[in-house]
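Please look at the sequence and the structure shown below.

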Amino acid sequence: MALKYLIAKPSDWIIMQVTTQAGKAVQQVNEYDVFLDVDFDALRFSGKVRIDISSTGDISLDAVDLEVASVKTNDRNVPFKQHGNVVDIQTGRFSGTLEVEYKGKVSESLTGFYKAPYGDKYVLTTHFEAGHARRLLPCIDHPAYKADFKLTVRTRSDLSVISNMPVESERKEGNTKTVAFQKTPKMSTYLLYLGIGRFEEDKNRHNKTELYTASVVRPDGKIKTGLAFEAAQKSLEFYEKYFGIPYDLPKLHLIAVPEFAYGAMENWGAITFREILLHADKDTSTSTKKSIAEVVAHEIAHMWFGDLVTMKWWDDLWLNESFATFMAYKVVDWAYPQWKIWQDFVKNSTGGAMARDALNSTHPIEAKVRSPEEIEELFDEISYGKGASILRMIEAYIGPDKFQKGVSKYLQQFRYSNASGSDLWNHLQQASGLDVSHVMEGWIGKVGYPVVKASLSSGKLVLEQERFLLSGARDKQTWPIPVTIAVDGRTQQLMLDKERAEITVADPKSLKLNIDRTGFYRIDYRGPVLQSLVWASKLSGLDRYGLANDAWAFLNSGRISWKEYQGLLERFFDEEDYLPAFEVSERITNLFLIAPKKVADLSRRYHKSQLKILEGKRDENSSLLRGTIAARLAILDDAYAHEAGAKFKDLAAVEPDMKRSVIVGYARSSNDHDGLIDRYKKSTTDEDRLRYLEGLASFKRSDLVRKVQEFAMAGNVKRQDIGRGLLQFATSNPDAHAVTWEWFRDNIGKLDKMYEGTATLSAYMRAYVSIIGVGRVGEIEKLFGEHRLAGADATLERLKIHDRLANEITKS
Ligand SMILES: [Zn+2]
């Protein structure tokens, strides 16, 4: 799956013994032959599944919200008992075909077989990862129980039906039609897909593979999928060569789903996306274009890594996700070199994971899970970003050719089957002759990451490592760190796997560590002499990003003071590089949001100076950054809001990256609630809807923001856009923090229900409630005491860090 903001459960990570209730005695499932009769209008279905299965004892199947009517074998009834989410069938030792008849309803949440509305219409679509296939059919819902799927669907004849494989036959009878799909190769249950609705398709191809995009038909326009097609073709071309294995299915669908909890999902041959991730036209911003390319490449990487070869159990979920994350950046860097996309990798994947992993309530990359809820909570920055960063570190350590060779051999060996992390290390080790397992195991089984303290002492550079924690606590632990060092421009590598190491350095003129931010660790340079040597070095944009990002973390953990941090910021006021300039903008904005009064001047000064620097630059990254800087300035500066807002009447002529700032400026200078609501309602793309939503959350008058929140909760805003969207935008507007907190508190039950079965709410809480909650710690503790919510601990931990920092700044 693809997503950006998630959080993990801080609770104990218990050794997995029971995977699901079902499957205990089952040795093998060969095939599911599924017939579904779907009443599209009444939102009901009845099903008959013939399961070719062998077992050493009674068979248990997973089934959630399904009503099983009968179980038969060879036309004879078999006794069964349905309790909780399990169907126990008294087969005894068994080998043959079980026929299960059942009924179910279309799900109200965004998982299982659910209704995705658009306007007054809807499509039905599935989202099964991790444990939701059991909401459509009784099955052994476990990734290691791979089987062939043969799917046949009867429904209204005017609707399209899409699944993993091409249609084998279609038969019409009056108002209904029966569509039979070709049999899939062996695959895991979570990868099955079914979509029903008025989909419109575009067609393309890559070599022998038929490529389709599918989106819902609306009166006001159609999704424009040119960029998505191009990204898909580039991805297929790249991976077929890199892995040495052709894409395995005859066709590949990219499906735009109107409501979707996550960003995208890698159902084999039928990948689903949010609409915003498939649509690009002349009004599309650079950041959305980058997301389209990256997410398409991510999902297509899963066609091999995840779908063809699957993890044995969810504790190796990270392997799927970090690998797809890492590979996607390779593809995008090759296909769209102008974006210099590895900078975004370091900022989003590595940076996001380092922020997350410095909390006490983190988890190891390889987490032990046993329940479906715990699995959901694993879709977070650790599984995606930290894992991907460690893979990048390993690739740098063994070399890209050997890395590719090991990966390709691993995929060859385990195709149509399951594997674990150690299987991959073994192949990387064989390909490289280096001790990959030692390094990997030093990182994946353990929480957190190190800070390396560097100091100079009588001609020696002394390096000492310990765990880095935002709480400021000290924890003596060691990791195997491939430290890179440049002394007077000469680079060397040192494997620091003990607490302390020394290197002789004779009177250097310049010195820096963790060159280009390739390592997953921070550097704490001690003492003014060493610090001046660092700044005397030739520093790349990535290096300066690293210095800014480490300083931010040290400010949060109390390692450096607010005063020291301000001193460092001064070095970045004339920053010309995309990545460090962006990083500093993010951090000053974070500070402004937790201590608006004290930080507004600083933030205004920085954003004005950046806007000037970016004025003359024409490359896409500069354009993206300029758009972000301008939108932030529109919140900070009334005069600028007025100036930007004046362009609102001719918004169509404004370049795509700048539209946000014009809408935010207009909202703040006009308070035109009704006008913006009207524009919101008339928008035809997700991206425009989000732009107006940002305007609507940016009013200076908080009562108007509250009105928008009510409007959203009344079903006028896509559920997917309420968290990452409305809540996110209101968090960026300090004038709206108080009403947003009240809204969140009053709607917590509804929000929890809205995102049920996904880890999205906990992600939103950690990202946004930890900011709007500053100054309200007691109230938030009270709320979390009354409502048990996954992710509450991490949210509180981060909130308390922000609260402490806000106090320090306010008192200064
Ligand atoms: Zn993924």
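**Charged pairs and a helix contact**

Glu502 has a relative accessible area of 41% and is partly exposed, where buried means under 20% relative accessible area, exposed over 50%, and partly exposed in between (1.4 Å probe, protein chains only). This is a predicted model, in which local features need pLDDT of at least 70 and side-chain atom pairs count only at pLDDT 80 or more, while totals for chains, interfaces and linings use all residues. Residues are numbered from 1 along each chain as its sequence is written, and side-chain values use heavy atoms, with hydrogens and water left out.

Side chains of opposite charge can pair when their charged atoms come close. The partner of Glu502 is Arg500, and the closest N and O atoms of this salt bridge are 3.0 Å apart; a salt bridge is a side-chain nitrogen of Lys or Arg within 4 Å of a carboxyl oxygen of Asp or Glu. Arg500 is also partly exposed, because its relative accessibility is 43%. In total, the structure holds 65 salt bridges.

Other pairs have buried members. Asp141 and Arg134 meet through their side chains in a salt bridge, at 2.8 Å from N to O. Asp141 counts as buried because its relative accessibility is 3%, and Arg134 counts as buried at 9%.

A further salt bridge joins Asp550 and Arg522, whose closest N and O atoms are 2.9 Å apart. Asp550 belongs to helix 11 (residues 541-557) and Arg522 to strand 29 (residues 522-525), so this pair ties together parts that are 28 residues apart in sequence. Helices (H or I, at least four residues) and strands (E, at least two) are DSSP runs, numbered from the N terminus. Asp550 is buried at 5% relative accessibility, and Arg522 is buried at 3%. Salt bridges can also share partners: in this way Lys453, Glu466, Arg474, Lys476, Asp524, Arg526 and Arg559 are joined into one network.

The remaining topic is helix packing. Two packed helices are described by the angle between their axes and the distance between the axes. Helix 17 (residues 659-670) packs against helix 19 (residues 686-696) at an angle of about 30°, and their axes are 8 Å apart. Axes are lines fitted to C-alpha atoms, for helices over the stretch in contact, and angles run from 0 to 180 degrees between N-to-C directions. Which residues of helix 17 and helix 19 meet? Lys659, Arg660, Ile663, Val664 and Ala667 in helix 17 meet Arg691, Tyr692, Glu694 and Gly695 in helix 19, contact being heavy atoms within 4.5 Å.
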